[in-house]
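Open the model in your viewer and follow along. Each stop tells you what to select and what is there.

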Amino acid sequence: MKYTVITGASSGIGYETALAFAARGKNLIIAARRLDKLEELKTTIHNINPELDVILCTVDLSVTEEVYNLYNKLKGYEIETWINNAGLGDSAFVADQNLSKVETLLRVNIESLTILSTLFVRDYAEEEGTQLINVSSALGYAIAVGTITYSASKYYVSSFTEGLAKELELKGAELKAKVLAPAMTETEFAKNATDLDSFNYKENLPMYHTAKQVAGFMMEIYDSNAVVGVVDQNYEFMLRDQIYPIIEG
Ligand SMILES: NC(=O)c1ccc[n+]([C@@H]2O[C@H](COP(=O)([O-])OP(=O)(O)OC[C@H]3O[C@@H](n4cnc5c(N)ncnc54)[C@H](OP(=O)(O)O)[C@@H]3O)[C@@H](O)[C@H]2O)c1
């Protein structure tokens with residue numbers, strides 16, 4: 001039995017990605033804080049395919065100890081694909097940003113992703129057919145004023161993952177590391193980033209994708225040999241080789 005792990009599967013891109021992998025007949029390990037949302041997803045997956053094994057993991061990825069516990073709990077499963085998708089944004093100028101929220105953002109977007117990527121690479125680098133997909137953002141390739149800390153956290157995700165992809169390639173490893181970099185996507189993200197009760201994408205944004213469309217992009221990069229899948233300024237999805245320059249040696 002092989003499994004696909006998806007963090008941040010309780011809503012948005014992670015939720016739709018879980019459904020897309022379920023449609024491919026993949027067993028799933030889905031992680032987030034909200035158990036009720038994970039249970040709802042499990043029911044929806046079993047309506048599509050009752051044969052699939054779906055493991056629920058409640059975890060707060062802003063707590064370092066819980067990140068290690070999540071990985072250790074999954075030691076007994078054979079994992080084929082690991083997707084670090086959980087993340088949060090913050091819409092504020094630097095001087096105005098809420099540092100408590102920023103600490104959480106840095107822990108989830110950067111620290112947990114680094115720990116989970118490292119442990120997965122350690123165990124699976126030589127396993128054929130394995131993939132690590134880290135969810136960055138179009139703002140991991142272009143700085144957005146008004147949300148610089150979030151943007152910089154996604155620069156980290158992009159450069160860490162692109163560098164890891166090169167490191168694995170140079171070692172001749174079986175594991176492939178890839179970056180998915182969506183642009184504005186209709187999820188709970190904007191509401192949480194702005195600390196509003198709700199956010200109307202249609203009224204506030206000229207262009208955006210649905211979470212289902214982005215899950216489709218996830219499957220495109222999953223099926224490809226590309227290192228980066230990025231949404232450009234025209235909202236076109238492109239598969240690319242490494243974008244950041246790499247210095248070898
Ligand atoms: N929406 C966009 O416009 C957009 C654009 C580019 C990139 N992205 C990236 O796409 C990824 C998914 O975001 P989304 O748009 O789908 O937003 P979302 O609907 O808000 O989903 C975020 C997911 O992350 C989980 N999460 C947040 N904090 C967590 C924590 N402390 N511990 C565990 N899980 C946590 C949430 O689950 P719980 O709340 O249940 O814990 C939820 O499942 C993020 O990395 C985001 O940066 C989003």
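Start at the ligand. Of the 31 residues around the ligand, select G8, G12, R33, G87 and F189: these come nearest. A residue counts as near if its C-beta atom, placed from the backbone, lies within 6 Å of the molecule. Now colour α1 (12–23) and α6 (189–194), the elements that give two or more residues to this shell. Helices here are DSSP runs of H or I with at least four residues, strands are runs of E with at least two, and both are numbered from the N terminus. α1 gives the most to the shell, with three residues. By class, the shell holds 13 nonpolar, 13 polar and five charged residues. Ala, Val, Leu, Ile, Met, Phe, Trp, Tyr, Cys and Pro count as nonpolar; Asp, Glu, Lys and Arg count as charged; the others, Gly among them, count as polar.

A word on the model. It is predicted: local features need pLDDT of at least 70, side-chain atom pairs count only at pLDDT 80 or more, and totals for chains, interfaces and linings use all residues. Residues are numbered from 1 along each chain as its sequence is written.

Zoom out to the whole protein. It has eight helices and ten strands. Its C-alpha atoms fill a box of roughly 50 × 45 × 35 Å along the principal axes.

Next, select the open sheet of eight strands. Reading across, the order is β3-β2-β1-β4-β5-β6-β9-β10, with mixed pairing. Two strands pair if DSSP finds at least two bridges between them. Go to the edges: β3 (54–58) and β10 (237–240) each have a single partner strand, so one side of each is left without a neighbour in the sheet.

Move to β4 (residues 78–84) and β5 (residues 131–135). Four bridges join these strands, which run parallel. Which residue in β5 is the bridge partner of W82? Select L132 to see that partner.

Contact means C-beta atoms, placed from the backbone, within 7 Å. Angles run from 0 to 180 degrees between N-to-C directions, with axes fitted to C-alpha atoms, for helices over the stretch in contact. Then show helix α5 (residues 148–171), which packs on the sheet against β5, β6 (176–181) and β9 (228–231). The direction of α5 makes about 155 degrees with that of β6.

Conventions
Two residues are in contact if their C-beta atoms, placed from the backbone, lie within 7 Å.
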